[in-house]
Amino acid sequence: EGQLVSDSPKDATVLPGCVSLAKSKLDGKGCASCVAGAPTQFMIRAVDLFGNALQGTEEQDAEELKLSLSLEGSAVAGKAAYAGDGTYLCSYTVKQAGPFVLTLTCPKSKEERACKGACVPGVTCPEKCVTVSPPLRVCAGELGTLSVQRRDKYDNNLERALSETPFVVKYEGPGALKTKVLELGTGVVEVQYVARESGVYQMHLLSDDSKVGEAFELNVAA
C-alpha cells in the first residue's frame, strides 16, 4: 500500500562473476613474443563476462589460472600468479626459437584462450656456431671462402645478425693471408681469404676474444 517495508531500503553489493579469458585484456609484448632463454612476462587485466573488473578481489578468493606454451615438438609450462587488484602476472621462459601457441586456462570455468606468438634467437654464442661451408683447397692467389652459421647458446640459428659483434680473423702460416669478413644478413658469416704463398694455414675466428668453433685448416697449393 505504498508503505516501506521495515529496515528498507537495503544496500546490495554486486560482485564480479567468474574470470572471462575472452573478455580479459592481455597487456605486454610477452603474450606474443620472447627471446630464447630470457624470462618473459605479461599481465592479464581480468574481467568477467560482462566486463566487470575483478578489482578488490583478495588473493585467497582469486580464481586459479594456468599458462602453457606449445612449440614444435615440445611444451613449456608457465605461471599465472594473482598480483592483486584484479590482475595476474604471467611468466615463462622458452629456449627453442620459432612459433609457439600460448594457452591460458581457467580450471573453474574450463575456458581456454590461445594466442600465437614467436620466440626469436638470443645473441651469438661463439662456441655454438657451426660451419656450413668448409674451406676448400685453393691455389696461391686464388680466392677461397668458408661460411659459418651464427647460433645462440641454445643452438638456435640466428636469421639476422647485422647488429652482432663482428668476427675477427687470426691465422698462422707460411705467409700473409688477406681476409675479409662478410655478414650476409641471414645469420651466416662468410670469410674470404687469399694467400700468396703455398702451404698450410691455421685460421681462427674470434668474437669478443672467444673462439668461434675449431680452427680451420687452409690448404693452399702452389
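A residue is called buried when its relative accessible area is under 20%, exposed when this is over 50%, and partly exposed in between (1.4 Å probe, protein chains only). At 8% relative accessibility, phenylalanine 216 therefore counts as buried. The model described here is predicted, with local features requiring pLDDT of at least 70 and side-chain atom pairs counted only at pLDDT 80 or more, while totals for chains, interfaces and linings use all residues. Residues are numbered from 1 along each chain as its sequence is written, and side-chain values use heavy atoms, leaving out hydrogens and water.

Phenylalanine 216 belongs to strand S18 (residues 216–221); strands (E, at least two residues) and helices (H or I, at least four) are DSSP runs numbered from the N terminus. Contacts, meaning heavy atoms within 4.5 Å, link phenylalanine 216 to Thr131, Pro135, Leu146, Val148, Tyr201, Gln202, Met203 and Leu205, leaving aside residues up to four places away in sequence. Tyrosine 154 lies 62 residues from phenylalanine 216 in sequence and 23 Å from it in space, C-alpha to C-alpha.

We can turn next to the nonpolar cores, each a set of buried Ala, Val, Leu, Ile, Met, Phe, Trp, Tyr and Cys residues joined through side-chain atoms within 4.5 Å. The largest holds 28 residues, and Phe42 and Tyr92 have the most contacts inside it. At least two residues of this core come from each of S3 (40–45), S4 (66–71), S6 (79–84), S7 (87–92), S8 (98–106) and S9 (111–120). The biggest share is that of S8, with four residues. Another core, of 18 residues, lies apart from it and includes Val169, Val191, Ala195 and Phe216.

Tyrosine 92 is buried, at 4% relative accessibility. Residues up to four places away in sequence aside, tyrosine 92 touches Gly30, Ser33, Cys34, Ala38, Pro39, Thr40, Phe42, Leu67, Leu69, Gly78, Phe100 and Leu102.

The structure contains two aromatic pairs. Rings of Phe, Tyr and Trp (its six-membered ring) pair if their centres lie within 6.5 Å, and planes under 30 degrees apart count as stacked, over 60 as edge-to-face and the rest as tilted. Tyrosine 82 and tyrosine 88 make an edge-to-face pair, 5.1 Å centre to centre with 70° between the planes; both of these tyrosines are buried. Tyrosine 92 and phenylalanine 100 have ring centres 6.2 Å apart and planes at 65°, so this pair is edge-to-face. Phenylalanine 100 is buried, with a relative accessible area of 2%.

As for the strands, pairing requires at least two DSSP bridges between them. S1, S3, S7 and S6 form, in that order, an open sheet of four strands with antiparallel pairing. S1 (25–27) and S6 are the edge strands, each pairing on one side only. Antiparallel S6 and S7 are joined by five bridges, and alanine 81 has leucine 89 in S7 as its bridge partner. S6 and S7 form a hairpin with two residues between them, and aspartate 85 in the turn has a positive phi of about 60°.

Finally, threonine 124 sits in the loop between S9 and S10 (130–133). Threonine 124 is buried, with a relative accessible area of 13%. Its side chain makes a polar contact with the side chain of arginine 150 at 3.0 Å. Such a contact is a pair of N or O atoms within 3.5 Å; within protein, one must be able to donate a hydrogen and the other to accept it, and residues adjacent in sequence count only if both atoms are side-chain atoms.
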